[in-house]
Amino acid sequence: MAKSPYRPFHPNPEQIALMPSVSGNTINGLGETPFRRAAPIYWHEPETLHHGELQKWFYTQNPDNEAINKARAARNSILNIEVPPVSGPPLQQSAEKWTQELAAFVESIDCELFGITALNPDWTYEGAGLTQNWVIMVGVAHDYEQIATAPEMTAGAEVIKQYGRGSKAVKDIAGWIHDRGWDADCHGGPMAGPLLLVPHAIECGFGELGKHGSIINREYGSSFRLAAVVTDIPLIPTPKATYHVDDFCERCQVCANACPPEAILPEKVMVRGNTKWYVDFDKCIPFFNENSGCAICIAACPWSIPGRGPKIVQQLLRRAARSAR
Ligand code: SF4
Ligand code: SF4
């Protein structure tokens, strides 16, 4: 793929002036070999963050854009919806039965992906004290025509819209659980809350991490957003899915070439005790902030093109079978 037409990117000096002295990559633990939990970096209460002034600056951009403002107003209405309280003592039945009934309920609400995994304290932010047993993940797909306009504001508005849809889906699920006498808390994006959504989503079967630092799902590629519910209602986890995404990313440069500030690292690196694909935070965030949340890398990824993912999976499985002979 051709290199980005947005290069070279020169960040707005207003943003440069707001950059803290500490690198976002240091906060993220780039190069650190021992494991530690993630530190809040961007989508938390800005007053508590080194990069909080940058987050505030993001929200000052494009104040008159109709699509962005409409999407934010719709999302705020969803965020203001009250989830009905826990109805009484918890009803009792087997984890198998709860899981079946929950899956049937999720079929009736507005989301595309659903999975369940055990809450892993290693995948919560430092200082978070979540004690629930289970994470219920949902994924909501972008309209590809809209996200493909990235970095235009139409793509930014689409991202806001889908964060709203994800928040509504998890509120519906939490309400369903409350009605059965069990507690449940919702976590929708973009504010991250105490939970790391991506590793839980990978564990529950949504896909594998791509070079661009987002999940690649078999059907939706990276063109979707996440939200979650944490709860103690007894459940059965859904299986992890693997289809050799690494094999593809190792040969592909589409997102790295498309990224205006060249933030996507070509090789996996060590981050807080795990070797993984990584996006340079300090390079990404200025372009992200100036361009409605950017989203170029997830739109450009070949897996995100509707109908392409299942064909790629077939190719990768054939390749893996040949190499195993
Ligand atoms: S979101 Fe960040 S990493 Fe992705 S293309 Fe935009 S600037 Fe690059
Ligand atoms: S664009 Fe290519 S390298 Fe980047 S995440 Fe998608 S498949 Fe992997």
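Visitor: Which residues of H11 are buried?

Guide: A residue is buried if 20 or more other C-beta atoms, placed from the backbone, lie within 10 Å of its own. In H11 those are Phe281, Lys283, Cys284, Ile285, Pro286, Phe287, Phe288 and Asn289. This is a predicted model, where local features need pLDDT of at least 70, side-chain atom pairs count only at pLDDT 80 or more, and totals for chains, interfaces and linings use all residues. Residues are numbered from 1 along each chain as its sequence is written, while chains are lettered from A and ligands numbered from 1 in the order in which they are written.

Visitor: Why is H11 largely enclosed by the rest of the structure?

Guide: Because eight of its 10 residues are buried. Helices are DSSP runs (H or I, at least four residues), and strands are too (E, at least two), numbered from the N terminus. The cover over H11 includes helices H1 (13-18), H2 (24-28) and H3 (52-58).

Visitor: Which residues come nearest to ligand 1?

Guide: Near means a C-beta atom, placed from the backbone, within 6 Å. Of the 13 residues around ligand 1, Cys259, Cys284, Cys294, Ile296 and Cys297 come nearest. H11 gives the largest share of that shell, three residues.

Visitor: And in what order do the strands of the open sheet run?

Guide: Strands pair if DSSP finds at least two bridges between them. Here the four-strand order is E1-E2-E6-E3, with antiparallel pairing. E1 (113-118) and E3 (184-188) are the edge strands, each pairing on one side only. E2 (134-141) and E6 (224-231) pair over eight bridges, and Trp134 stands opposite Thr231 in E6.

Conventions. Buried ≥ 20, exposed ≤ 12 C-beta atoms within 10 Å, placed from the backbone. Contact = placed C-beta atoms within 7 Å.
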